[in-house]
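These are my notebook entries on one protein model. I record what I looked up, topic by topic, with the cut-offs used.

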Amino acid sequence: MFPPLLFLSGLAALGHGLATGTGVVRVALGLYLVWTLLELRITFRVHPGDAGGDDAASMPLYGLARGAVVASAVFVPPLWAPSDAVFQGVALAVFVAGVVLRLGAIRQLGRFYSHKVRTLTDHMIVRSGPYRLVRHPAYSGMVVGHIGFVALLLNPVSLFALVGLLVPAIVHRIRVEERTLMELTGYPDYARGRKRLVPAVW
């Protein structure tokens with residue numbers, strides 16, 4: 001029951017923001033809601049040919065951290081005034097760019113992508129699209145998207161939730177995933193030529 005409850009809590013926070021927000025903030029919250037719904041089918045998708053993998057409880061940690069970012073951004077008053085239209089526009093553009101990167105990376109992996117740590121019996125290593133540059137572009141998009149989202153609704157609590165909770169949770173999740181992925185033939189060679197999240201950095 002934990003993931004559905006977490007999901008419903010996130011929807012409630014977004015719904016509250018849509019009801020009380022104005023202008024660009026409502027647009028961002030609406031887009032975040034659409035993004036969440038687009039990924040919902042992946043969360044509950046059955047995986048034929050599932051070869052297993054060890055989640056190591058990384059998904060609940062990751063989900064809680066993401067929920068904390070959204071809730072703190074929505075419920076704690078922002079530092080910016082509604083008149084900061086240019087800044088809000090830039091923040092919204094960063095948010096959209098991150099979501100587009102994430103959804104594009106998920107589409108590129110197709111059936112090999114999952115919210116569950118696992119491989120398939122016929123798993124293939126995808127090297128095209130954003131996977132030419134980094135090993136985990138879906139997580140890169142998640143980070144970039146939330147940077148824009150938090151900047152748009154910036155307050156000290158949401159900033160802490162992003163830097164102190166979500167980013168470490170994503171790093172942990174990547175390390176857990178790679179323990180499974182490194183068992184795939186060819187993945188260690190693929191990994192040696194690419195950073196995890198940010199080209200030339202990590």
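**Entry 1: Nonpolar cores**

I looked up the largest nonpolar core first: it holds 31 residues, of which Phe95, Phe149, Leu153, Leu166 and Ile170 touch the most other members. A nonpolar core is here a set of buried Ala, Val, Leu, Ile, Met, Phe, Trp, Tyr and Cys residues joined through side-chain atoms within 4.5 Å. Buried means under 20% relative accessible area, exposed over 50%, and partly exposed in between, with a 1.4 Å probe and protein chains only. At least two residues of this core come from each of α2 (23-43), α3 (58-75), α4 (85-109), α5 and α6 (156-181). I note that α5 gives the largest share, seven residues. Apart from this core lies another, of 15 residues, and Ala105, Val126, Ala138 and Ala191 are among them.

I then listed the contacts of Leu153, with contact meaning heavy atoms within 4.5 Å. Neighbours within four places in sequence left aside, Leu153 is in contact with Val25, Leu29, Ala73, Pro78 and Ser158.

**Entry 2: Basis of the values**

The model is predicted: local features need pLDDT of at least 70 and side-chain atom pairs count only at pLDDT 80 or more, whereas totals for chains, interfaces and linings use all residues. Residues are numbered from 1 along each chain as its sequence is written, and side-chain values use heavy atoms, with hydrogens and water left out.

**Entry 3: Overall layout**

I find seven helices and two strands in the protein, in the order α-α-β-α-α-β-α-α-α along the sequence. Helices (H or I, at least four residues) and strands (E, at least two) are DSSP runs, numbered from the N terminus. Of the 202 residues, 42% count as buried. Among contacts between residues at least 6 apart in sequence, 81% join residues at least 24 apart.

I checked the length of α5 (residues 137-152): its 16 residues should span 22 Å at 1.5 Å a residue, and its end C-alpha atoms are 22 Å apart, which agrees. The expected span is 1.5 Å times one less than the number of residues. Because 14 of its 16 residues are buried, α5 is largely enclosed by the rest of the structure.

The axes of α4 and α5 come within 7 Å and cross at roughly 160°, so α4 is roughly antiparallel to α5. Axes are lines fitted to C-alpha atoms, for helices over the stretch in contact, with angles from 0 to 180 degrees between N-to-C directions. Angles over 145 degrees count as roughly antiparallel, under 35 as roughly parallel, 65 to 115 as roughly perpendicular and the rest as oblique. The contact includes Phe95, Gly98 and Ala105 of α4 and Ala138, Gly145 and Phe149 of α5.

**Entry 4: Helices α3 and α6**

The axes of α3 and α6 come within 9 Å and cross at roughly 160°, so α3 is roughly antiparallel to α6. Among the residues that meet are Tyr62, Ala65 and Val69 in α3 and Leu162, Leu166 and Ile170 in α6.

**Entry 5: Two single residues**

I looked up Leu159, which lies in α6 and is partly exposed, with a relative accessible area of 42%. Its C-alpha atom is separated by 7.9 Å from that of Val69, 90 residues apart along the chain.

Ala200 lies in the segment after α7 (187-192). Phi of Ala200 is near 70°, a positive value in a residue other than glycine. Ala200 is exposed, with a relative accessible area of 73%.
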